Amino acid sequence: MGKTKEFRVINRRFQFKCPYCGGRRNFFINNLRRKNIKCFKCGESTRCLFNRRTDKRVFQSGKILLTTKAGKELEVNLKDLSYNGAGVEIPAGVYPTSTVSGPGSFLEM
Ligand SMILES: [Zn+2]
């Protein structure tokens, strides 16, 4: 049996690093949780476990105040926090459409 190693997957890509010889190679994977990869260099196989935890969102609730470029303040509902951002919900109909075009739209800050 080969070694087991955990890799972090970012945007369906991970960099395989062989625990035997240190050889590296980039792979693309879809929804796999584990895969045996045979080293292209030394031929040893490694059981790879894929970790996507950095992509997971942490659900939060609360209200936050955003300030737009124009200096307007918007109170929005905080929905979740993720690795590279935060998700918010803007109450429909509360703010003029010239400021916010709708749910799911981007705000220019
Ligand atoms: Zn190797």
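Biologist: What is the mean pLDDT of the protein chain?

Modeller: This is a predicted model, and pLDDT gives the predictor's confidence in each residue. In the protein chain, 69% of the residues reach 70 or more. The mean pLDDT of the chain is 76.

Biologist: What percentage of the residues in the protein chain is buried?

Modeller: A residue counts as buried if 20 or more other C-beta atoms lie within 10 Å of its own. The protein chain has 109 residues, and the buried share of them is 6%.

Biologist: Of the contacts with a separation of 6 or more, what share comes from residues 24 or more positions apart?

Modeller: The count takes contacts in the protein chain with a separation of 6 or more as its basis. Within that set, residues 24 or more positions apart account for 32%.

Biologist: Which strands stand at the edges of the open sheet of three strands?

Modeller: The sheet has mixed pairing and the order β1-β5-β4. Each edge strand has a single partner, so one side of each is left without a neighbour in the sheet. Neighbouring strands are turned by 35 degrees against each other on average, direction ignored. The edge strands are β1 (3-8) and β4 (34-38).

Biologist: In which sense do β1 and β5 pair, parallel or antiparallel?

Modeller: Strand β5 covers residues 45-51 and is joined to β1 over six bridges. Phe7 stands opposite Phe50 in β5, and Thr4 has Arg47 as its bridge partner. The sense of the β1 and β5 pairing is parallel.

Biologist: Which residue in the turn of the hairpin formed by β4 and β5 has a positive phi?

Modeller: β4 and β5 pair in the antiparallel sense over five bridges, and Ile37 stands opposite Thr46 in β5. Six residues lie between the two strands of this hairpin. The turn residue with a positive phi, about 85 degrees, is Gly43.

Definitions and conventions: Residues are numbered from 1 along each chain as its sequence is written. This is a predicted model: local features need pLDDT of at least 70, side-chain atom pairs count only at pLDDT 80 or more; totals for chains, interfaces and linings use all residues. A residue is buried if 20 or more other C-beta atoms lie within 10 Å of its own, exposed if 12 or fewer, and partly exposed in between; C-beta atoms are placed from the backbone. Two residues are in contact if their C-beta atoms, placed from the backbone, lie within 7 Å. Two strands pair if DSSP finds at least two bridges between them. Helices (H or I, at least four residues) and strands (E, at least two) are DSSP runs, numbered from the N terminus. Axes are lines fitted to C-alpha atoms, for helices over the stretch in contact, and angles run from 0 to 180 degrees between N-to-C directions. pLDDT is the predictor's confidence in each residue, from 0 to 100.
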